[in-house]
Amino acid sequence: MSECCKWVQKKSVPENCKYAQKKCKGDVTAFLSLIFILLITFVGGIMESASIQLAKNYRRTDTDRAMECVFAEYQKELLEEYDVFALDGSYETGDYAEENVTDRLDYYEQGKVEHKIERIQFLTDDGCSAFLGQVAAYMEHRYGADVMKDMLETTSVWKQQDARAEDYAKEEDLWQRHMEGLLAENENELPQEDNPIAHVGQLKKSPILTLVMPKDHSVSEKRTERRDLLISRNRNQGSGRFPDASDKSRNLSSLMFGEYLLEHFSDFTDTEHTRALDYELEYILAGKESDKENLESVVKKLLLLRFVPNYAYIQTDSAMKAEAEAAAATLCTLLAVPPITEAAAQGILLAWAYGESIMDLRSLLEGNRVPLVKSKESWQLQFSRLLTLGTDDDHSEGRDHENGLGYSEYLRMLLFLSKKDVTALRTLSIIELNMRKTYGQPYFRADFCISRMEIRSVCRMRRGIRYQFQTYYGYC
């Protein structure tokens, strides 16, 4: 610093430094002006940046609000009847297009932002994972995550019976071949008169419903066309994947899904039938076009499941085995071939167990209860009534056992043993039928029902700024 400036700072300026004093003050003023300009520029930049960020936030908020408004237009009847959220992507037109959704977004956002759907999921996508995920959320909210723990021990018995049913079917087939081989080898045949084996063989060829239907009940004649079923047509597919939905659907146990179905759908024993099909649970299990076909299919499955414990018990009852051996000896008296008599005794036990299973089905369809495992007290069919089973002289009705299981509980077993993705698609099929025919929505299609969606939005701001962002919304 010059000597004159030092004098200026001391406020004692010599005469010869007056010019230097003026120049020094000018330098300070210019410096402060530059500092002020820089400060104003910095503050202005901050304010501009904040203003732009605020405008971005407004656009994002507007889009979030628009998405919530769009998804608030869910199907009311679907929620009220089945506790499932879904947005009808056709908007009551019966035809899906992305513009249906983006136009609604533009309506709520007043066209300030351009939208394009990046990912979208319908109820039927990915093995109905969105639907199953919502069922899982509903069941956990309603009953809690541990509600099914008490029933897990029972499910092991169900699995065992299902596995043994196949073994017993093979065993019966082997016995049949063995018996035919013995008779062919000895060039003989069993008499037809008073032959429970032949009688039950004829029963197996008869329509199963004629053997098990309660006398005061009639079978529903309702049916639907295959072309009307969701499971039979080419379904609309979404785009992109939503791993969270798949995780939730995998967490839904077959047992919990079965409870949801039992709560929301009707079966044969229900008294009120006002929907598209009367036997909805039977359709979910069988997937046929008519109530009669579905009931028949389910009854056959139950008959096989009931045969397992019946045949298992009769093999342990010495009195019943002795009665079967005595009947076989009488039947084969003229043949006088011990191996044939032994095989006939086993065949009579098989026929007797089948007859008992017919009685069990009569009890279940009547609304009575049948124990999962048989005992001497719960056995219904006496040997003397086996030959009259299914004839005009048959007046036997199924009994009710206090500690047994009802028809719906046996359906729970079948639902547990079924494949979840197949039953889910059939469930959505029956929902779709009911929404169309019962709730007056002919345009409704489950594969148009949106569960999740992610959009990419683009907005143009001042100074040519182009802002792009993504927004996601899902019902669960």
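In which helix does V28 lie? V28 belongs to helix α2, which covers residues 18-71. The structure described in this report is a predicted model.

V28 contributes to a nonpolar surface patch of about 500 Å², together with F31, L32, I35 and L38. V28 itself counts as partly exposed, because its relative accessibility is 44%. As a general point, an α-helix has 3.6 residues a turn, so residues three or four places apart point the same way.

**A covered helix**

Helix α10, formed by residues 254-264, is mostly covered, with nine of its 11 residues buried.

**Cysteines without disulfides**

How many disulfides does a search of the whole structure find? The search finds zero. The sulfur of C69 is 18 Å from the closest cysteine sulfur, that of C459, and this is too far for a bond. For C449, the closest cysteine sulfur is in C128 at 12 Å, again too far for a bond. C69 is partly exposed at 27% relative accessibility, whereas C449 is buried at 0%.

**Aromatic rings**

The structure contains 20 aromatic pairs. One of them joins Y74 and F85 edge-to-face, with 5.1 Å from centre to centre and 85° between the planes. This pair links distant parts of the chain, since Y74 lies in the loop between α2 and α3 and F85 in the loop between α3 and β1, 11 residues apart. Y74 has a relative accessible area of 33% and is partly exposed; F85, at 29%, is also partly exposed. Y107 and Y108 form an edge-to-face pair too, with centres 5.1 Å apart and planes at 75°. Y107 is exposed at 57%, while Y108 is partly exposed at 27%. Ring pairs also connect F71, Y74, F85, Y473 and Y475 into a cluster.

Arginine side chains lie over ring faces as well. R119 is placed over the face of F242, 4.3 Å from the ring centre, and R445 over the face of F448, at 4.2 Å.

**Salt bridges**

A search of the whole structure finds 25 salt bridges. The table lists examples.

| Salt bridge | Closest N and O atoms |
|---|---|
| R104 and E73 | 2.4 Å |
| R275 and E81 | 3.4 Å |
| R223 and E289 | 3.6 Å |

Why does the pair of R104 and E73 tie together parts of the chain? R104 lies in helix α4 and E73 in the loop between α2 and α3, so the bridge joins parts that are 31 residues apart in sequence. R104 is partly exposed at 25% relative accessibility, and E73 is partly exposed at 25%.

R275 lies in the loop between α10 and α11, and E81 in helix α3, so this pair ties together parts that are 194 residues apart in sequence. R275 counts as buried at 19%, whereas E81 is partly exposed at 28%.

R223 is found in the loop between α8 and α9, and E289 in the loop between α11 and α12, so their bridge connects parts 66 residues apart in sequence. R223 is partly exposed, with a relative accessible area of 47%, but E289 is buried, with 18%. Finally, salt bridges that share partners join R233, E432, R436, R445 and D447 into one network.

Definitions and conventions:
Residues are numbered from 1 along each chain as its sequence is written. This is a predicted model: local features need pLDDT of at least 70, side-chain atom pairs count only at pLDDT 80 or more; totals for chains, interfaces and linings use all residues. Side-chain values use heavy atoms; hydrogens and water are left out. Patches are made of residues with over 30% relative accessible area and no salt bridge: like charges are joined within 9 Å, nonpolar side chains (Val, Leu, Ile, Met, Phe, Trp, Tyr) within 5 Å. Accessible areas come from the Shrake-Rupley method with a 1.4 Å probe; for residues, only the protein chains shown count as cover. A salt bridge is a side-chain nitrogen of Lys or Arg within 4 Å of a carboxyl oxygen of Asp or Glu. Helices (H or I, at least four residues) and strands (E, at least two) are DSSP runs, numbered from the N terminus. Buried means under 20% relative accessible area, exposed over 50%, partly exposed in between (1.4 Å probe, protein chains only). A disulfide is a pair of cysteine sulfur atoms within 2.5 Å. Rings of Phe, Tyr and Trp (its six-membered ring) pair if their centres lie within 6.5 Å; planes under 30 degrees apart count as stacked, over 60 as edge-to-face and the rest as tilted. A charge sits over a ring if NZ of Lys or CZ of Arg is within 6 Å of the ring centre and within 35 degrees of the ring normal.
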